[in-house]
Protein chains: 4
Amino acid sequence: MRTYEVKTRVRYQETDQMGIVYYANFFVYFEMGRTELLRELGLPYSELEKEHIYFPVIEAHCRFRSPAQYDDILIIQTSISELKHATLKFNYTIVRENDRNRIAEGFTKLACLNVNRKPIPIPEKLKKLLQ
Amino acid sequence: MRTYEVKTRVRYQETDQMGIVYYANFFVYFEMGRTELLRELGLPYSELEKEHIYFPVIEAHCRFRSPAQYDDILIIQTSISELKHATLKFNYTIVRENDRNRIAEGFTKLACLNVNRKPIPIPEKLKKLLQ
Amino acid sequence: MRTYEVKTRVRYQETDQMGIVYYANFFVYFEMGRTELLRELGLPYSELEKEHIYFPVIEAHCRFRSPAQYDDILIIQTSISELKHATLKFNYTIVRENDRNRIAEGFTKLACLNVNRKPIPIPEKLKKLLQ
Amino acid sequence: MRTYEVKTRVRYQETDQMGIVYYANFFVYFEMGRTELLRELGLPYSELEKEHIYFPVIEAHCRFRSPAQYDDILIIQTSISELKHATLKFNYTIVRENDRNRIAEGFTKLACLNVNRKPIPIPEKLKKLLQ
């Protein structure tokens, strides 16, 4: 199960008054992770939507292990952990670059929808690339 | 020039590590202000988009007078300050409810676009209601 | 187990190009839910932080049942589902006001930290009010 | 007047239902721009705050020239346009990498505050580096 990496630097906007990254922002980092994974597989998500294939999130989970701070460089590690008939699951681990501390880990489950936003099986050509 | 009001309570998410509302969020409050103004004029923006009329922001400005904190109730006061052939300008003042302190003031200028996202004159029926 | 409610109207900012509320925003709605629950219990979270008691999220989960759209009024229903020595768990259900559709449900688990951001037992006076 | 550059890729979260980057997010890109400018001048903003020097935004302006889309790579060009006794102004231009289209341009004015969040003159050692 290959892991794909993308880095992001924590923006001031992403902090809250506790002085750490606000928890919901980790799900935005997860989105960056799966975007890069799909791009590296040759399936940019922007292209999928142009073909009217949509992958909305139907379930999301995160454990916050250690706080991240403003200006930290975070490494988002993403892999595909489950590929079913009509759903897809990504696993994520977020690590701080400078001390390799594990910051957070989680998953998202996505459904496949067509142009009418109805659930469909994941198209075969996608499935092959995702395997 | 009538002024319309809507209130919002500052979310933890909207604060930053300075312990105050992050500056870009005031433009989100401005959006809430113009949404309510249009609704009260009988022109819910959600209806306009269903008729394929779009009003993207083409210019925005804000002066930040005094910081707002988590859990503050803010009053967003909105008025139309300019109605031209193809653009519309809103003025905003944001006041904290409990001490009536002026927190911020600004404006946004919006263009009118059609379904192809091309600039068009503001439709006459809208113009009448906006005057 | 009492449930507390707070409403919010979906902002344009909270939508994404799929035309629905971006998934991470539901965790912001969850934050609004627990803020109101604590306020109604007489424990405004803003007061807790003034006494240097912090409740960062250590785990979060959400199932997205049905999409929410711009301008929808959402009802956030929050209850305390677990009260342990040093952690606290909130359950959330999000329902659209006009059709009572269930939009999302989830939980967050929070740790209790002191001024040095070290884990501490939940103070007794809080525990009583939370029970 | 030297210009500093930093790139960012548009996140799905940053789009709205118009299918373009939501306007307030450009002010977040501006924040990334000034963060990088200060870092390259040897004054990381995270270090300034550790010395209890804060630079909140007191005025912000943006003209939105052309829409940006999901997955676009944007180049944020930042320069210092005004250095006064107690305030500092940054100018920004945002350009899309692939077609060099000008997307937005604007400025932010920042005040200098001390540990008590009171306005102070910009410390001399900073001023020298900023000139």
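Phe107(D) touches His61(D), Ser81(D), Lys89(D), Phe90(D), Asn91(D) and Tyr92(D), leaving aside residues up to four places away in sequence, where contact requires that the C-beta atoms, placed from the backbone, lie within 7 Å. The model is predicted, and local features need pLDDT of at least 70, side-chain atom pairs count only at pLDDT 80 or more, while totals for chains, interfaces and linings use all residues. Residues are numbered from 1 along each chain as its sequence is written, and chains are lettered from A and ligands numbered from 1 in the order in which they are written.

**Exercise 1.** Find the strand that holds Phe107(D) and decide whether the residue counts as buried, partly exposed or exposed.

*Solution.* Begin with the strand: Phe107(D) lies in S5 of chain D, residues 102-111, a strand being a DSSP run of E with at least two residues, numbered from the N terminus. Next, take the neighbours: a residue is buried if 20 or more other C-beta atoms lie within 10 Å of its own, exposed if 12 or fewer, and partly exposed in between. Because Phe107(D) has 17 C-beta neighbours inside 10 Å, it counts as partly exposed.

**Exercise 2.** Work out how S5(B) is paired with S4(B) and with S2(B).

*Solution.* First, strand S4 of chain B (residues 87-96) and S5(B) pair in the antiparallel sense over nine bridges, where two strands pair if DSSP finds at least two bridges between them. One bridge partner in S5(B) is Thr108(B), which belongs to Phe90(B). The two strands form a hairpin with five residues between them, and Arg100(B) in the turn has a positive phi of about 60°. Then turn to strand S2 of chain B (residues 57-64), which pairs with S5(B) in the antiparallel sense over seven bridges; here Val57(B) has Leu110(B) as its bridge partner.

**Exercise 3.** Give the order of the strands in the open sheet and name those that stand at its edges.

*Solution.* Written out, the order of the 10 strands is S1(B)-S3(B)-S4(B)-S5(B)-S2(B)-S2(D)-S5(D)-S4(D)-S3(D)-S1(D), with antiparallel pairing. At the edges stand S1 (4-9) of chain B and S1 (4-9) of chain D, each with a single partner strand, so one side of each is left without a neighbour in the sheet. As for the partner of S1(B), six bridges join S1(B) to strand S3 of chain B (residues 73-83), and the two run antiparallel. Within this pair, Lys7(B) has Ile75(B) as its bridge partner.

Note on methods:
Helices (H or I, at least four residues) and strands (E, at least two) are DSSP runs, numbered from the N terminus. Two residues are in contact if their C-beta atoms, placed from the backbone, lie within 7 Å.
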